[in-house]
Amino acid sequence: MSSTGTATATRISTTSLTTHLTVLAFLSATTLYCFYRSRRLRHLKLSPSSSNPSLSSATRKGKLFFISQTGTSKTLAQRLAKLLASNNLPFDLVDPNSYEPEDLHQETLVLIIASTWEDGNPPSNGVFLSNWLSESAEDFRVGSLLLSKCKFAVFGVGSSAYGDNFNAVARGFSTKMRCLGAMEILPLCEGDVDEGELDKAFGIWSKEVIRVLKVGELSGNGSDLIGENGNENGYEMINGSDYDEDDDYEDEDEENGAESDIVDLEDIAGKAPSKKDVGVITSNGKKNGVKEMVTPVIRASLTKQGYKIIGSHSGVKICRWTKSQLRGRGGCYKHSFYGIESHRCMEATPSLACANKCVFCWRHHTNPVGKSWQWKMDDPLLIVNSAIEQHKKMIKQMKGVPGVTAERLSEGLLPRHCALSLVGEPIMYPEINSLIEELHQRRISTFLVTNAQFPEKIVSLTPITQLYVSVDAGTKDSMKAIDRPLFGDFWERFVDSLKALRDKQQRTVYRLTLVKGWNTEDVDAYSSLFGIGNPDFVEIKGVTYCGTSATSKLTMDNVPWHADVKAFSEALAEKSNGEYEVACEHVHSCCVLLAKVDKFKIDGQWHTWIDYEKFHDLVASGEPFGSNEYMAPTPSWAVYGANEGGFDPEQARYKKERNHKSSR
């Protein structure tokens, strides 16, 4: 029987059951639909083991989720819970609104009754769980074995009148759970409220659930669900990851993206531009090309990773630290070092293109590359307005999520900070100064990161709150190996960028990313660069592992521990002969801050935080001002060596259960 035939049989109308024989045919077909493929998945193995108790054991309590808007799925779930209990199969009935998705990897057995709401979207109580599964399934750092200990089954409650959106939510849960390594013990069963047979279909599926759970133990590796050819039953088998899927890696831009969909977009957008300028000169003297930076392929790839594409070359994305502080679970390192309110911070970029192809690229190079602006150019006002609008939409999706209060949600809807560091090279955008001014007029502070390949842009840059230069290596050879720049004179451009930074009056930062085995031994070389740019601060951060790809062979062995970063930072501070000292740390991000002593240590107290209101007043005055005019005291919990490790004590720490496979 084909899948089309079985689906049709499941939703057959009662009006067509005019004879007793037809009734019997319907019931047979429905029964076959709900477990026909499970028969093809070969028989579940019965291999009792004293070390691994049966699923029917009372010690193994499952979770029964209901994704419900009008109460239909909740009612069905309550009915199933009673049936399970009567068969000595204890389950907790769970409303996803009160469940922490990050605990899902600890579950061994999950049943989901899921309704589909308007436009194929989940009901309100299932939005956060659905989004979490989507983000995790598309994030190549999470690993396809995250839910490998979990077995599950899904029943869908939908309306065939919605066409392609019929049971879209249930299908989505089934697909995402399997992508994360969970084992589906029964094929997805799709109930149809329009055909009048929902109760019968659910009853048959429920009995099949009971049968499977009571028949005996399921093996833990999922091999009993694989057909002769590994995928004869249509189930996609996902390869595992070579790192601990339970680990929680800091992701500054909350990057998502599945390795199977990653494309090197240098091949899509064209090789590095030739010396011939492909742009045209507009009346205002700005280069403005005719082609789109974001091609359909690039748009599809970045959209799948969670980016909201703005116009033809910009993007915005909600950071996981924004979500974390919305839930009262702590902010990012910028909160600890500089007083940024993470739940009011918007991550954006006016240029998705970059002039480097770094080995630790967040996006595995799923963004365009170029050495000059050669694309169509959008208006800065359009970019700012659209970015704020899209950011607000993403913040609104956090409404009702456990821990999110009405006060924090309302604050999050009014961003006060903009991190121009999402992806690409924001300083390439010809109207970057106008964009910064638009943000400042809204009293939104600006942190901008540049890869130090456009020194002339740094020279002409308008005052911003804090300007970063990425210093990924201390020598020319190591920079070529790590950053893989497009420019032949990349080192000269880098040095000139540091010189341009020295002349800036506002706060400046060297951003060092440590890659074990690549640049962690270059203390002397890094130290020699201090005198060129004379930065206010030096941020030193361990590289974030983003998965191995065809363009990057980094592994977890290249990720330094926080102790490694601390040792490097202390050695670098010592090399400065007292000019810099270690001021702050954020243990969770594996990040340490050096600060200039004569500027930011006053009467023994660090002043690395920012008085943002004072900064905006200084900008509005139109008069020159310096970084020492808008600094603020650093709280004791953020200072280097504090017991809190840079975690704000007013927030509630949430720690995952970790099962590390090995230690270093």
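**Exercise 1. Determine whether N167 is buried or exposed, and describe its backbone.**

Solution. Begin with the accessibility: N167 has a relative accessible area of 0%, so N167 counts as buried, where buried means under 20% relative accessible area, exposed over 50% and partly exposed in between, with a 1.4 Å probe and protein chains only. Finally, turn to the backbone: N167 is not a glycine, yet its phi is positive, at about 55°. Most residues other than glycine have a negative phi.

This is a predicted model, in which local features need pLDDT of at least 70 and side-chain atom pairs count only at pLDDT 80 or more, while totals for chains, interfaces and linings use all residues. Residues are numbered from 1 along each chain as its sequence is written, and side-chain values use heavy atoms, with hydrogens and water left out.

**Exercise 2. Carry out the analysis of Exercise 1 for D603.**

Solution. The phi of D603 is near 55°, a positive value in a residue other than glycine. D603 is found in the loop between strand 17 (601–602) and strand 18 (605–606). With a relative accessibility of 81%, D603 counts as exposed.

**Exercise 3. Find which residue pairs with R511 in a salt bridge, and state which parts of the chain the pair ties together.**

Solution. A salt bridge is a side-chain nitrogen of Lys or Arg within 4 Å of a carboxyl oxygen of Asp or Glu. The partner of R511 is E539, and the closest N and O atoms of this salt bridge are 3.5 Å apart. Because R511 lies in strand 13 (residues 507–514) and E539 in strand 14 (residues 537–542), the pair ties together parts that are 28 residues apart in sequence. As for accessibility, R511 is buried at 7%, and E539 is buried at 0%.

**Exercise 4. Describe the salt bridge between K393 and E389, and say how they are placed in helix 11.**

Solution. The side chains of K393 and E389 meet with a distance of 3.9 Å from N to O. Both belong to helix 11 (residues 380–396), and because they are four residues apart there, about one helical turn separates them. K393 is partly exposed, with 43% relative accessibility, and E389 is likewise partly exposed, with 44%.

For a further case, take E438 and R442, whose salt bridge has its closest N and O atoms 3.1 Å apart; here E438 is buried at 18%, whereas R442 is partly exposed at 27%. The structure holds 22 salt bridges, and K61, K63, D92 and E107 are linked in a network of them.

**Exercise 5. Work out how helix 16 and helix 17 pack, and which residues make the contact.**

Solution. Helix 16 (residues 490–502) and helix 17 (residues 523–533) pack at an angle of about 50°, and their axes are 7 Å apart. That angle makes helix 16 oblique to helix 17, since angles under 35 degrees count as roughly parallel, over 145 as roughly antiparallel, 65 to 115 as roughly perpendicular and the rest as oblique. The contact, which means heavy atoms within 4.5 Å, is made by F494, V495, L498, K499, L501 and R502 of helix 16 together with L529, G531, I532 and G533 of helix 17.

How values were computed:
Axes fitted to C-alpha atoms, helices over the stretch in contact; angles between N-to-C directions. Helix = DSSP H or I, 4+ residues; strand = E, 2+ residues; numbered from the N terminus.
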